[in-house]
Amino acid sequence: MSTSRSAWSRTIAGLLAGQVLVIAGFIVFFVVEALRGEAAELSAVFTSVLIFALGAGGLAALARAWWAGQAWPRTPSLVWHALLVPIGWSLAQTRHGLIAAAVLVVAVVGLVGAYRAGADSQE
């Protein structure tokens, strides 16, 4: 593994791991709200938690593969981070500036990191 590939692979792995932690925080929030009885629909909470857990699991698998220096997660990582761009843009349009900026920075760093790590692995 080249030094640049290692750096980009570990950067994208860390970025994805951070996203997993954020999603895990949302899972905890939803479960706590349900346990307090503040959730309007338990079925909606269950569905949200299940979808978040599946997404976090997928992102964790990508992070692990990048950390191991594998190149296969390039395309799913590019797609995931490309999907974050319109989310960040829509947040900016609704005047959630700090959250929008964070999402857009993660999206751009993720796109560049996944592209560079994958490109370096093909050399």
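Biologist: Which residues of α2 are buried?
Modeller: This is a predicted model. Buried means under 20% relative accessible area. In α2 the buried residues are V45, V49, A56, L59, L62, A63, A65 and W66.

Biologist: Is L50 buried, partly exposed or exposed?
Modeller: L50 lies in helix α2, which covers residues 42-67. Its relative accessibility is 43%. Buried stops under 20% and exposed starts over 50%. L50 therefore falls in between and counts as partly exposed.

Biologist: Which residues form a nonpolar patch on the surface with L50?
Modeller: The patch has about 350 Å² of accessible area together. L50 is one of its members.

Biologist: How far apart are the end C-alpha atoms of α2?
Modeller: The helix has 26 residues. At 1.5 Å a residue, α2 should span 38 Å. The model agrees with that, and the end C-alpha atoms are apart by 37 Å.

Biologist: Which residue with a positive phi follows α2?
Modeller: Helix α2 covers residues 42-67. The phi of the residue that follows is near 85 degrees. That residue is G69.

Biologist: Is E33 buried or exposed?
Modeller: E33 lies in helix α1, residues 3-35. Its relative accessible area is 19%. The limit for buried is under 20%, so E33 counts as buried.

Biologist: And R36, buried or exposed?
Modeller: R36 has a relative accessible area of 56%. Exposed means over 50%. R36 is therefore exposed.

Biologist: Which residues does E33 touch, not counting those up to four places away in sequence?
Modeller: Contact means heavy atoms within 4.5 Å. Residues up to four places away in sequence are left out. E33 then touches E38 and A39.

Biologist: Where is G110 found, and is it buried or exposed?
Modeller: G110 is found in helix α4, residues 97-121. Its relative accessibility is 0%. G110 therefore counts as buried.

Biologist: How far apart in space are G110 and L15?
Modeller: G110 touches I12, L15 and H81, not counting residues up to four places away in sequence. G110 and L15 are 95 residues apart in sequence. In space, C-alpha to C-alpha, they are apart by 7.0 Å.

Technical notes: Residues numbered from 1 in each chain as written. Predicted model: local features only at pLDDT ≥ 70, side-chain atom pairs only at ≥ 80, totals over all residues. Heavy atoms only, no water. Buried < 20%, exposed > 50% of the residue type's maximum accessible area, 1.4 Å probe, protein only. Patch = residues over 30% accessible without salt bridge, like charges linked within 9 Å, V, L, I, M, F, W, Y side chains within 5 Å. Areas by Shrake-Rupley, 256 points an atom, 1.4 Å probe, with all protein chains shown as cover. Salt bridge = Lys/Arg side-chain N within 4 Å of Asp/Glu carboxyl O. Helix = DSSP H or I, 4+ residues; strand = E, 2+ residues; numbered from the N terminus. Expected span 1.5 Å × (residues − 1).
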